[in-house]
Amino acid sequence: MAKNRELVIAVHGGAGFKKAKKGQLDCIEEVIRTGISILRDGGSGLDAVEKMIILMEDSGLFNAGSGSHLQMDGAARMDASIMEGKDLMAGAVASVSGIANPIACARLIMDKSLHIMLAGEGARRFGAHYNLRELRSIDKEGLKAVKRSLDSGGDQARLYKSVYGCETVGAVAIDLEGNIAAGSSTGGFSPMLPGRVGDSPIIGGGTYADNRGCAVSMTGLGEKIIRCSVAKEISTFSELGDSVSIAAGKAIMRLLKRIDGRAGAITLNRDGEYCLIHSTDFMVGGFIKGKKMAVADQFKRVL
């Protein structure tokens, strides 16, 4: 174990076109401090990523966990995934209801099952078997937003633009062993058809981690991120020799030019290189590396 290794964490709470609220920025700072404490105490990158995302899911300040949007039938169906870079182990849940922390269920699927992804009622029952906390209440603003969107009669492109900034949370970390990890969790967007699944549970789409490349958590419209497998593409560029900043910039620019997809990403490799980058106006997030720490709603912009 490399006791003198410089530990690094980056987190995000969604990329979009609106400035972050103070409460969100304060939450991000608390999340980062919690995560770095776990790493300094010898915890794994997976442990830190899971705990940080749990805190964001529980805060109700982001579109994940208790802050999730509701689908068009009034139900909250959430997605999450987690992955480690040493052995490429991963776990994911899709379209799951009734679980307070989908990221915890994803971690259990990775650790306790032979599978990578469980969906819907099967995922809920799996979480219940391991006594995961139930999600008993949800912010009803999501359902109101659905009704407003449907009543507006607007075109799909305008509706999609309106949802940027109200999705995924994510985290990446490197631990004392030099292993990287990534995780993402989301409550989707409004309006959503019942059963919609985004990029967050898709390994290679919204989440990826490979010690030979980098750890990535995406944020943006999942329908477009999935089509370009952005998280895996960033890691591949990194493995081929690009810095994480160049790798993420290339992939996000390609997404934008190829299918007009706007997104944000946090990336981190084993050398401690990190990047927070977005093609939207804002992306709430933060990082810590050594004594340097920052929390903001704007980082490196593509275009």
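Does Ser229 belong among the buried or the partly exposed residues, and what is its relative accessibility? At 36% relative accessibility, Ser229 counts as partly exposed, where buried means under 20% relative accessible area, exposed means over 50%, and partly exposed lies in between (1.4 Å probe, protein chains only). The structure is a predicted model, in which local features need pLDDT of at least 70 and side-chain atom pairs count only at pLDDT 80 or more, while totals for chains, interfaces and linings use all residues. Residues are numbered from 1 along each chain as its sequence is written, and side-chain values use heavy atoms, with hydrogens and water left out.

Ser229 is a friendly place to begin with backbone angles. Most residues other than glycine have a negative phi. Ser229, however, has a positive phi near 45°, and it is found in the loop between α7 (222-228) and α8 (230-239). Helices (H or I, at least four residues) and strands (E, at least two) are DSSP runs, numbered from the N terminus. Leu88 also has a positive phi, near 60°. This leucine is located in the loop between β2 and β3 and, at 38% relative accessibility, counts as partly exposed.

Next comes the sheet. Strands of a sheet pair through backbone hydrogen bonds, either parallel or antiparallel. Here, eight strands form an open sheet with mixed pairing, in the order β4-β3-β2-β6-β5-β1-β11-β12; two strands pair if DSSP finds at least two bridges between them. The edges are held by β4 (117-119) and β12 (292-296), and each has a single partner strand, so one side of each is left without a neighbour in the sheet. On average, neighbouring strands of this sheet are turned by 10° against each other, direction ignored; axes are lines fitted to C-alpha atoms, for helices over the stretch in contact, and angles run from 0 to 180 degrees between N-to-C directions. Within the sheet, β5 (residues 169-174) and β6 (residues 180-186) run antiparallel and are joined by six bridges. Gly170, for example, has Ser184 in β6 as its bridge partner.

Two helices pack on this sheet. Helix α3 (residues 102-112) touches β2 (78-84), β3 (90-96), β4 and β6, and its direction makes about 135° with that of β3. Helix α4 (residues 120-129) touches β3 and β4, with its direction at about 110° to that of β4. Contact means heavy atoms within 4.5 Å.

Side chains of opposite charge can pair when their charged atoms come close. A salt bridge is a side-chain nitrogen of Lys or Arg within 4 Å of a carboxyl oxygen of Asp or Glu, and by this rule the count comes to 13 salt bridges. One of them joins Arg33 and Glu29 (3.0 Å, N to O). These two residues are four apart in helix α1 (residues 22-40), and are therefore separated by about one helical turn. Arg33 is partly exposed at 46% relative accessibility, and Glu29 is partly exposed at 32%.

Another salt bridge joins Arg107 and Glu50 (2.9 Å, N to O). This pair links distant parts of the chain, with Arg107 in helix α3 and Glu50 in helix α2 (residues 45-59), 57 residues apart. Both Arg107 and Glu50 are buried, and they belong to a network of salt bridges that also links Asp47 and Asp111.

The interior also holds nonpolar cores, each a set of buried Ala, Val, Leu, Ile, Met, Phe, Trp, Tyr and Cys residues joined through side-chain atoms within 4.5 Å. The largest has 45 residues, and those with the most contacts inside it are Ile9, Val11 and Met56. Helix α2 gives the most to this core, with eight residues. A second, separate core of 39 residues includes Ala15, Cys214, Met218 and Phe287.

The expected span of a helix is 1.5 Å times one less than its number of residues. The 16 residues of α9 should span 22 Å, and its end C-alpha atoms are 22 Å apart, which agrees. Among the buried residues of α9 are Val244, Ile252 and Leu256, and what covers the buried residues of this helix includes α7, α8, β9 (263-268), β10 (274-278) and β13 (300-301). The helix is followed by Asp260, whose phi is positive, near 55°.
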